[in-house]
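I opened my notebook for this one and wrote things down as I looked them up. Here are the entries, in the order that made sense to me.

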Amino acid sequence: MTATSFTTSGGKAITIKKPFYQQTSISIEIDADTSIIWALLTNASDFPRWNSTVTSLEGEIKKGEKIRLKSYLDKKRTFKIKVRELIPEKSMVWGDGQGKRIFKLESNPDSSITFRMSEKIGGFMYPLYAKHLPDFDESFEKFAADLKKEAELIANTKI
């Protein structure tokens, strides 16, 4: 299952629903160095401090490692996710049997960074559980806004 291109910007998420999958995407401009953003995205123990969508994250965010994530969307469930791909300060892919989330960082001419995140969930069994999935748009918007706020706060205190 591959993710399609990102079609959103400005911190507003968009979800596309098809018969056998759904995909939520978001992008936002962040005025901070790639290294700051990357450090936030790969420090598992610090995630719940700055990210209001994550209540806990255990494990190491390294290629091939498994992490255990709890989200405010489903407080009773622990998502067991494998870090499938990781290119430092560029991109990362997390996934489980139902889907995968892609994170990308892209440099802009004005020295800002575009953060992109997309998650595709689906498969043959998707129609059976689709109606039980929460709306991910708000969660993606909170995630992106929290990342922007924390990265820019760190960047501005380094000046």
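This is a predicted model: local features need pLDDT of at least 70, side-chain atom pairs count only at pLDDT 80 or more; totals for chains, interfaces and linings use all residues.

**Around strand β6**

I began at a turn: E89 takes a positive phi near 60° in the hairpin of β5 and β6, which has three residues between the strands.

Strand β5 (residues 74-87) and β6 run antiparallel, and five bridges join them.

How many of the five residues of β6 are buried? I counted five of five for residues 91-95, so the strand is largely enclosed by the rest of the structure. In a regular strand the side chains alternate between the two faces of the sheet. I checked the directions here: S91, V93 and G95 point one way from β6, while M92 and W94 point the other way, and all of them are buried.

I wanted to see what else meets E89, and T34 came up. T34 lies in helix α1 (residues 34-42). Apart from neighbours within four places in sequence, T34 is in contact with E89, L105, S107 and I113. Its relative accessibility is 14%, and because the cut-off for buried is under 20%, I logged T34 as buried.

**Salt bridges**

My search of the whole structure returned nine salt bridges. I followed a few of them.

The side chains of E119 and R101 meet in one, at 2.5 Å from N to O. E119 lies in strand β8 (residues 113-122) and R101 in strand β7 (residues 99-107), so this pair ties together parts that are 18 residues apart in sequence. Are these two partners buried or exposed? E119 is buried, with a relative accessible area of 17%, and R101 counts as buried at 15%.

E106 and R116 also meet through their side chains, at 3.0 Å from N to O. This pair links distant parts of the chain, with E106 in strand β7 and R116 in strand β8, 10 residues apart. I noted E106 as partly exposed, with a relative accessible area of 31%.

The next pair sits within one helix. K142 forms a salt bridge with E138, and their closest N and O atoms are 3.3 Å apart. The two are four residues apart in helix α4 (residues 137-157), which means they are separated by about one helical turn. K142 is partly exposed at 31% relative accessible area, and E138 is partly exposed at 45%. I also found D46, R49 and E150 joined into one network by salt bridges that share partners.

**Helix α4**

Does the length of α4 agree with what 1.5 Å a residue predicts, or differ from it? Its 21 residues should span 30 Å, and the end C-alpha atoms are 30 Å apart, so the two agree.

I then listed its buried residues: D137, S139, F140, F143, A144, D146, L147, E150, A151, E152 and A155. What covers them includes β1, β2 (21-30), α1, α2 (47-50), β7 and β8.

**G11, before the strands**

G11 is found in the segment before β1 (14-18). What does G11 touch, once residues up to four places away in sequence are set aside? I found I26, S27, I28 and E141. G11 counts as buried, at 13% relative accessibility. I also checked the spacing to E29, 18 residues apart along the chain: the C-alpha atoms of G11 and E29 are separated by 7.9 Å.

**A nonpolar patch**

My last entry is about the surface. F20, F124, M125 and L128 form a nonpolar patch there, with about 500 Å² of accessible area together. I looked up one of its members, L128, which is found in helix α3 (residues 126-129). L128 has 59% relative accessibility, and because exposed means over 50%, L128 counts as exposed.

Note on methods:
Residues are numbered from 1 along each chain as its sequence is written. Side-chain values use heavy atoms; hydrogens and water are left out. Buried means under 20% relative accessible area, exposed over 50%, partly exposed in between (1.4 Å probe, protein chains only). Contact means heavy atoms within 4.5 Å. Patches are made of residues with over 30% relative accessible area and no salt bridge: like charges are joined within 9 Å, nonpolar side chains (Val, Leu, Ile, Met, Phe, Trp, Tyr) within 5 Å. Accessible areas come from the Shrake-Rupley method with a 1.4 Å probe; for residues, only the protein chains shown count as cover. A salt bridge is a side-chain nitrogen of Lys or Arg within 4 Å of a carboxyl oxygen of Asp or Glu. Two strands pair if DSSP finds at least two bridges between them. The expected span of a helix is 1.5 Å times one less than its number of residues.
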